[in-house]
Amino acid sequence: MKKLFLLFILFFFSFLSGFSQNQEKADTSIVSQHHITNGELSGIVLDFNSKEPLLYTNIYVLHKNIGTVTNENGRFAIDVLGLNKNDTLRFQYIGYKARNLTIQMLDTMSAVYLKKESYNLLEAVIFGGSTPDPRTIVKNIIRNKDSNYRTKPSLWKTFIRERNTADVTHFRIDYKKSSIENLDRQAIAEMEQKLPKHTTAYTDFLGNLYFSGNNKDTLKIAPIRTVELKEKNMADLKQIEDIFDNLAANTSENEYWKMRSGIVGGKIDFSENDTTSRNDSLHKNQQKLRYYRRAVFSEMKYPSLDDKKDWEFLYKTGKYKYTLAGGIRVNGEDIYIIDFEPDNGGIFKGRLFVSASTYALIRADYEYAPGKEGTDFHLFGVGYSENYFSGSIYFEKVNGSYVLKYFSQKTGTAVDFDRNIILLKKRKRFLFDKTLKELKVGLKIAVNSESSVEMLVLDRKQIPQKAFDDFQQKKYMNIIYVDQFNDSLWKGYSIIEPTRQMKEYKKAAHPR
């Protein structure tokens, strides 16, 4: 990575590429039938009455170590190569009656329909004839969190899908001054003209995640397969990129680069591990695994239930109104169903499924309530609004503890920036560092963006602590770069079915 060049440009652009307001429209059209193609069974799961798609329905082959979930459109695809027509798939969605269907039956059905469980508080024996307080139940989720979600040395076979889009609605760079060779008014104008106004990035990852029992935050990764589509193309900026490469190469030990906007600024760190131009050519189809590990590590904070912002309704119960909607039995366990909505300043609405015996959160589906949003500020030329959020998570009980099965999280933001940015080259001195080079521009930008991540745990097993300690994470991860997704990319793997929009999207060719 050409770090100086990218930091200058991506300081105000690429860091926004994880978010957007533009939501994909649900693909609820029903195909003529489920079908098996090249050993893959695909189809859709719908609510029996409303015919609406059931997102993230759990699907697995009975007595086999094969499973998946439906995607955000209710569609699924599962590898059935090696199975016979009498093998049975179970479709399970909390709050609905589970349904078992053979592969032969599925091959002739238009869709899988699930019926809601009928439940009535007055008839629910699990509540002992009295109605418990739903707010107290929710408070007990956090009180019992550490005992319910115990961490042990384990190995997870995991599929992760990340999608990021960004749309620039306004973009302008005003040249102020420059003492940096070849980085003049013309070069800045070229940068403004050729930077893409829309970016799209999809990444599908399949691999093993190693977790330590001594420290739940310790993680190592062993990739199996990674497929990536990135629309953004910096090829049009090659000439300016070379300028920044030369600037970085001509920075001595006692010199450094600094980025500043007003009184806020920081040094640009060039570590010896950063990839040089030469190494970029050697590893053009690879990515440093520690960077991806860092991203997964950050994403795992969500299913840990530790983030008080994303899980506000669990930590700040005084801000919400809770309603006990009923109770059901799932896998032999009695479950409370609790609906919630904002009351005194809350921002989320949704539904919780909570164990009646352990108070473990089994499933949650929630989003911003109408008219609500997250962080929103506009100060000193910087605006930031979190205008969209939805989350879904499901835990299953294994050997007396609750472990993650899947989660989905989507976020959207609107960002605007209207400030001067200064790039400085400095030489270290005893009292005050000397400025050697300086570039100053005025930046005006507005971006709407969206980010989503889905994680599905396909299989897990406990491992000895020594197995974790002995495993050596590789330095690089191989990447399969594509211009368009197609079914052959994941043939033979059970993953979350790509949405129709993902399959139909093709990377745009940038004009030369």
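## Structural report on a predicted model

G82 is exposed, with a relative accessible area of 80%; exposed denotes over 50% relative accessible area, buried under 20% and partly exposed in between, computed with a 1.4 Å probe on protein chains only. This is a predicted model, in which local features need pLDDT of at least 70 and side-chain atom pairs count only at pLDDT 80 or more, whereas totals for chains, interfaces and linings use all residues. Residues are numbered from 1 along each chain as its sequence is written, and side-chain values use heavy atoms, with hydrogens and water left out.

G82 belongs to the loop between β5 (75–79) and β6 (88–92). Its C-alpha atom is separated by 8.0 Å from that of G39, and the two residues are 43 residues apart along the chain.

### Overall composition

The secondary structure consists of eleven helices and 24 strands; these are DSSP runs numbered from the N terminus, with helices (H or I) of at least four residues and strands (E) of at least two. Of the 512 residues in the protein, 49% are buried. The accessible surface comes to about 24,900 Å², and carbon and sulfur atoms contribute 48% of that area; accessible areas come from the Shrake-Rupley method with a 1.4 Å probe, and for residues only the protein chains shown count as cover. Among contacts with a separation of 6 or more, 70% are made by residues 24 or more positions apart, a contact being heavy atoms within 4.5 Å.

T57 is located in the loop between β2 (40–47) and β3 (58–61). In contrast to G82, which is exposed, T57 is buried, with a relative accessible area of 0%. Leaving aside residues up to four places away in sequence, T57 touches V45, T68, V69, T70, F91, Q92, Y93 and L114.

In helix α8 (residues 289–299), the buried residues are L289, Y292, V296 and E299. Viewed down the axis of α8, these buried residues fall within an arc of 80 degrees, so they line one face of the helix; the arc is that of the directions from the helix axis to the C-beta atoms.

### Strand pairing around β9

Strand β9 (residues 154–178) runs antiparallel to strand β10 (residues 198–211), and 14 bridges join them; strands pair if DSSP finds at least two bridges between them. Within this pairing, T158 stands opposite G207 of β10. Strand β9 is also antiparallel to β22 (residues 434–462), with 23 bridges between the two. There, D167 has N448 as its bridge partner in β22.

### Salt bridges

The structure holds 20 salt bridges, each defined as a side-chain nitrogen of Lys or Arg within 4 Å of a carboxyl oxygen of Asp or Glu.

| Residue | Partner | N to O distance |
|---|---|---|
| E72 | R163 | 2.1 Å |
| K145 | D146 | 3.5 Å |
| D306 | K145 | 2.8 Å |

E72 forms its salt bridge with R163. E72 lies in the loop between β4 (67–69) and β5 and R163 in strand β9, so the pair ties together parts that are 91 residues apart in sequence. A network of salt bridges links E72, R163, K410 and E454.

K145 is buried, at 9% relative accessible area, while D146 is exposed at 60%. D306 counts as partly exposed, at 29% relative accessibility.

### Aromatic pairs

The whole structure contains 28 aromatic pairs. Rings of Phe, Tyr and Trp (its six-membered ring) pair if their centres lie within 6.5 Å, and planes under 30 degrees apart count as stacked, over 60 as edge-to-face and the rest as tilted. W311 and Y366 form a tilted pair, with 5.3 Å between centres and 45 degrees between planes. W311 lies in the loop between α8 and α9 and Y366 in strand β18 (residues 361–368), so this pair ties together parts that are 55 residues apart in sequence. Both W311 and Y366 are buried.

The ring centres of F348 and F389 are 5.4 Å apart and their planes stand at 70 degrees, so the pair is edge-to-face. F348 lies in strand β17 (residues 348–355) and F389 in strand β20 (residues 382–398), so the pair ties together parts that are 41 residues apart in sequence. Both F348 and F389 are buried. Ring pairs link these residues into a cluster with others, the members being Y302, W311, F313, Y320, Y322, F340, F348, Y366, Y368, F389 and F407.
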